[in-house]
Amino acid sequence: FGFWACVFFFVCGWGSSPPLTAPQTNMTDRPTTSPSQSFPSVARISDSLCAPQYAASLKCLDDANYDKSKCQDRFDAYKDCKKRERELRLERNRTGK
């Protein structure tokens with residue numbers, strides 16, 4: 001047998017190697033902590049100054065049956081708020097407050 005015949009036998013399970021399957025994992029072995037608990041520096045939208053604009057844009061999408069063109073004003077308000085929030089954060093970092 002040549003090299004490729006040996007590979008074929010092992011990949012197909014005809015050799016002595018175990019079958020090529022993904023390891024089985026138990027879902028209960030996964031950590032139950034949320035990302036914000038594991039990583040305290042993770043930003044949450046609820047901690048943002050722009051949470052009301054975020055909620056309004058999602059509500060608009062839901063009310064408009066996810067037609068984005070009907071909610072552009074809400075998207076713009078959220079985007080402007082995030083820009084102001086970022087500028088405030090950068091200024092606080094510069095001044096050390």
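C71 is buried, with a relative accessible area of 0%, where buried means under 20%, exposed over 50% and partly exposed in between, using a 1.4 Å probe and protein chains only. This is a predicted model, in which local features need pLDDT of at least 70 and side-chain atom pairs count only at pLDDT 80 or more, while totals for chains, interfaces and linings use all residues. Residues are numbered from 1 along each chain as its sequence is written, and side-chain values use heavy atoms, with hydrogens and water left out.

**Disulfide of C60 and C71**
- C71 is joined to C60 by a disulfide (a pair of cysteine sulfur atoms within 2.5 Å), with the sulfur atoms 2.1 Å apart.
- Because C60 lies in helix α3 and C71 in the loop between α3 and α4, the pair ties together parts that are 11 residues apart in sequence; helices here are DSSP runs of H or I with at least four residues, numbered from the N terminus.
- C60 is also buried, at a relative accessible area of 8%, and the link is left-handed, with -95 degrees about the S-S bond.

**Disulfide of C50 and C81**
- The structure holds 2 disulfides, and one of them joins C50 to C81 with an S to S distance of 2.0 Å.
- This pair links distant parts of the chain, 31 residues apart, with C50 in the loop between α2 and α3 and C81 in helix α4.
- Both C50 and C81 are buried, and the torsion about their S-S bond is about -95 degrees, so this disulfide is left-handed.

**Pairing order**
- When the bonded cysteines of the protein chain are numbered in sequence order, the pairing reads 1-4, 2-3.

Methods. Helices (H or I, at least four residues) and strands (E, at least two) are DSSP runs, numbered from the N terminus.
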